[in-house]
Amino acid sequence: MEIIKKLSSLTQKYKNPVVALGMFDGVHLGHASVIRRAVEVAKNIGGTSIVFTFSNHPLTVLSPETAPLMIGSRSLRRDIFESLGVEVLIEIPFTKELSRKTPEEFLILLQEKISPSYVVTGPNYTFGRLGKGNGRMLLREGENYGFKAEICPAVTVGKKNVSSTRIRTLIAEGDLISANELLGRNFIYVSKVVNGDKRGRKLGFPTANLEIEDYRAMLPNGVYIVEVKVKNNLYKGIANIGDNPTFKVAKRRLEVFIDNFSGDIYGEEIAVSFIKKIRDEKTFGSVEELKAQLNEDLATLRNFY
């Protein structure tokens, strides 16, 4: 998949571009349906499947105090796009300049820079200043700008539309099963391994420590069965979300014990895929009690598989 981070004239570069438009935060079932449809149309017309999105949520520019927590990382989103068959990803920063463009000016931008043959979006997609452009406008005006538009229907689960807002709520509430169902995959947290206090290593349970960034969605504190992707290899593991109350660590973080793994991965980006919660976070009266619980958690992990 080709990644373009700065929008320049691409009108002569790709044959019959089919463009999926959206923010696609988390790439849930609804987003995936839009992208799959764009890929399908591109194959049908011998064209090029393109996702046109932003590297930052528009609200981080328009109203930072109300910007939603991000469900996934940029690298995870790219991986999912590629797995869905996307050939080109246009991922540019959303800026104040872009926010001032009218819907008509945004469509002119699409025409001049990409010249799509088809545009595919979801039912709630808006564009242009104050979000005044919508799917109806695309259907009505598309041919004036050289493209046909298609609006994919909402995807429903449990008689409710799948949405990023709904998934964020489920994650915050700790309803991992429902969140994973709407995502169409496991909730995944991707970040670089940072230096920790190495207490886990002294206990016989070395952990990879990840910061929990303020702008990212995260599950409640507790201990979870996870799968961990390290350098394209997949391992089973146990993840603890919390502030390590036994040792009175103040900053909330994610600590991951990777089963049957050894090696230095400081600075490496790893992907932690959450499968099941096994217990709440606890405060232990002694190091021996903590070690006994960690051994019990490890037995739970191995019995799970």
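**Close-up views of a predicted model**

View 1. In strand E16, Ala271 is the bridge partner of Val190. The model is predicted, so local features need pLDDT of at least 70 and side-chain atom pairs count only at pLDDT 80 or more, while totals for chains, interfaces and linings use all residues. Residues are numbered from 1 along each chain as its sequence is written, and side-chain values use heavy atoms, with hydrogens and water left out. Strand E11 (residues 187-194) runs antiparallel to E16 (residues 269-279), joined to it by six bridges; strands pair if DSSP finds at least two bridges between them, and elements are DSSP runs numbered from the N terminus, helices being H or I of at least four residues and strands E of at least two. Strand E13 (residues 222-230) is also antiparallel to E16, with seven bridges, and its residue Val223 stands opposite Arg279.

**View 2. The buried face of helix H5.** Within helix H5 (residues 103-113), the residues Pro103, Phe106, Leu107, Leu109 and Leu110 are buried, that is, under 20% relative accessible area with a 1.4 Å probe and protein chains only. Seen down the axis of H5, these buried residues fall within an arc of 150 degrees, so they line one face of the helix; the arc is taken from the directions from the helix axis to the C-beta atoms. They pack against several elements, among them strand E2 (17-21) and helix H6 (135-141), where contact means heavy atoms within 4.5 Å.

**View 3. The end of helix H5.** Just after H5, Ser115 takes a positive phi of about 55 degrees.

Definitions and conventions:
Buried < 20%, exposed > 50% of the residue type's maximum accessible area, 1.4 Å probe, protein only.
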